[in-house]
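Please go through the model below with attention to its side-chain pairs, its surface and its confidence values.

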Amino acid sequence: ALDLVVGLRREGFLQASAKVKESIFQAEANGLKLIVAVVAGNPVSITFVGNQALSPEQLLAPLQRETRTVPFSPNALVSLVREIERLYEARGYFYAKATLSPPVHDGNRDVYQITISEGPSLALREITFQGNHTATVDSLQSIMETKPESVWPLRVWNPRFLQRELIESDL
């Protein structure tokens with residue numbers, strides 16, 4: 001039933017669920033008859049406008065279409081918008097903003113549009129500590145997971161961007 005659910009979700013049936021309802025042994029056929037209860041729900045399309053740095057697949061990944069156990073609801077899109085902003089922030093788009101538009105009904109399909117304003121990608125250049133007169137800047141920075149780009153010059157492998165959640169855990 002999992003392959004069926006995954007296939008349905010890839011086609012936009014995000015509320016899809018399936019479970020084996022019953023199996024019946026048929027002696028004359030020497031086999032089992034399988035009854036699968038399928039709930040597909042209405043199909044949903046999610047479109048993106050303004051995304052350049054991330055692909056639609058990357059933006060949809062937080063929905064966990066193939067592995068989610070909680071049925072999809074429009075409330076999941078509110079969470080998706082927040083996750084999209086975090087994905088952008090992790091790539092240096094500190095001011096990225098994602099906005100969800102109300103659904104448009106196209107036949108039996110609900111079409112949601114998420115508009116993304118990426119803004120510039122900015123690397124963290126410097127951390128300044130104020131009020132500190134005893135510890136060195138290097139010793140304070142070594143304690144923190146947040147690091148300015150200059151501490152790790154191999155930017156290709158490990159770009160240093162300011163991330164709100166990381167800063168909050170550092171402090």
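Residues are numbered from 1 along each chain as its sequence is written, and side-chain values use heavy atoms, with hydrogens and water left out.

The chain has an average pLDDT of 79, and 77% of the residues score at least 70, where pLDDT is the predictor's confidence in each residue on a scale from 0 to 100. Over residues 151-159 the pLDDT stays under 50, and the model has six contacts beyond four places in sequence for them, a contact being heavy atoms within 4.5 Å. Where pLDDT is low, the predicted coordinates should not be read in detail.

The structure holds two salt bridges, each defined as a side-chain nitrogen of Lys or Arg within 4 Å of a carboxyl oxygen of Asp or Glu. In one of them, the side chains of Arg-86 and Glu-83 meet at 2.5 Å, N to O; both residues lie in helix α3 (residues 74-90), three residues apart, which is about one turn of the helix. Lys-97 and Glu-85 form a salt bridge at 3.6 Å, N to O. Lys-97 belongs to strand β4 (residues 97-100) and Glu-85 to helix α3, so this pair ties together parts that are twelve residues apart in sequence.

The table lists relative accessible areas for residues of these pairs, with classes set as buried under 20%, exposed over 50% and partly exposed in between (1.4 Å probe, protein chains only).

| Residue | Relative accessible area and class |
|---|---|
| Arg-86 | 37%, partly exposed |
| Glu-83 | 31%, partly exposed |
| Lys-97 | 49%, partly exposed |

The count of aromatic pairs comes to two, under a rule that pairs rings of Phe, Tyr and Trp (its six-membered ring) if their centres lie within 6.5 Å, with planes under 30 degrees apart counted as stacked, over 60 as edge-to-face and the rest as tilted. The rings of Tyr-88 and Tyr-93 have centres 5.5 Å apart and planes at 85 degrees, so they are edge-to-face. Tyr-88 is buried at 1% relative accessible area, and Tyr-93 is buried at 16%. Phe-94 and Tyr-95 also make an edge-to-face pair, 5.4 Å from centre to centre with 90 degrees between the planes, and Tyr-95 is exposed at 57%.

Ser-101 sits in the loop between β4 and β5 (104-106) and is partly exposed at 26% relative accessible area. Its neighbours within four places in sequence aside, Ser-101 is in contact with Tyr-112 and Gln-113, and its C-alpha atom is separated by 6.3 Å from that of Ile-114, 13 residues away along the chain.

On the surface, Leu-4, Val-20, Leu-34, Val-36 and Val-38 form a nonpolar patch with about 410 Å² of accessible area together. Patches are made of residues with over 30% relative accessible area and no salt bridge, like charges being joined within 9 Å and nonpolar side chains (Val, Leu, Ile, Met, Phe, Trp, Tyr) within 5 Å; accessible areas come from the Shrake-Rupley method with a 1.4 Å probe, and for residues only the protein chains shown count as cover. Strand β2 (residues 31-39) supplies the largest share of the patch, three residues. Leu-34 lies in this strand, β2, and is exposed at 55% relative accessible area.

Methods:
Predicted model: local features only at pLDDT ≥ 70, side-chain atom pairs only at ≥ 80, totals over all residues. Helix = DSSP H or I, 4+ residues; strand = E, 2+ residues; numbered from the N terminus.
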